[in-house]
Amino acid sequence: MEQYKQDFITFMVESDVLKFGEFTLKSGRTSPFFMNAGAYVTGEQLKRLGEYYARAIHDNFGLDFDIVFGPAYKGIPLSVVTAIALFELYGKEVRYCSNRKEVKDHGADAGNLLGAELHDGDRVVMVEDVTTSGKSIDETYPVLKAAADVEVKGLIVSLNRMEVGKGGVVTAQQEIQEKYGFPVASIVSMAEVTEVLYNHEIDGRVVIDDATKAALDAYYEQYGVKA
């Protein structure tokens, strides 16, 4: 496993973004872990977050694209910090773009997009925090395609939860790939998270102990993709 992935897993825990316990998801599932990218709030955290996204984009999709697009709301800061990091790490100049939840009907920047205008032929990489059901992509992909005839090169998320999507057969990431025809990748997967954190101490405490590991195993027995 690449060092930046191991560092990112520790970073999520230290930033109080990735938590273990008992959490009720929007889907109604009771999950033994929860990720909240909204907990990245400091300048240092956001700078590092952008760098992790930039490295994952470079490793999975290369740098042959023009736009970083982040769906509202959490995708807005993600797209900004990723665009900055791509320039700082690789000298790659890209534009950022996001959508608004509500269409703005006044001013020079009226419409439903923030940031750069989209043009036919633009190559876009999308950034999101986590994909559980693919609902946000179902909402934002039509917005992208309505704005211009863009080519989506791929979608990067922080964490692949590795559980079945709406169809109940393959993961949400695989469902998105099959539905829209572009690749979906993550900085890390829950399998990698478990590998790094099981019986590993951060700030003096074991993050995934035997009880948490058992809860994770039981969760994936129920909601994981069956081989």
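The questions and answers below concern a strand residue, an annotated arginine and a helix.

This is a predicted model, in which local features need pLDDT of at least 70, side-chain atom pairs count only at pLDDT 80 or more, and totals for chains, interfaces and linings use all residues. Residues are numbered from 1 along each chain as its sequence is written, and side-chain values use heavy atoms, with hydrogens and water left out.

Visitor: Is R161 buried or exposed?
Guide: R161 sits in the loop between β7 (151–160) and α5 (172–180); strands (E, at least two residues) and helices (H or I, at least four) are DSSP runs numbered from the N terminus. Buried means under 20% relative accessible area, exposed over 50%, and partly exposed in between (1.4 Å probe, protein chains only). The relative accessible area of R161 is 4%, so R161 is buried.

Visitor: How many Å apart are the end C-alpha atoms of helix α3?
Guide: The expected span of a helix is 1.5 Å times one less than its number of residues. Helix α3 (residues 75–90) has 16 residues and should therefore span 22 Å. The distance between its end C-alpha atoms agrees with this: 21 Å.

Visitor: Which residue just after α3 takes a positive phi?
Guide: Within α3, the buried residues include G75, I76 and L78. Just after α3, a positive phi of about 65 degrees is taken by G91.
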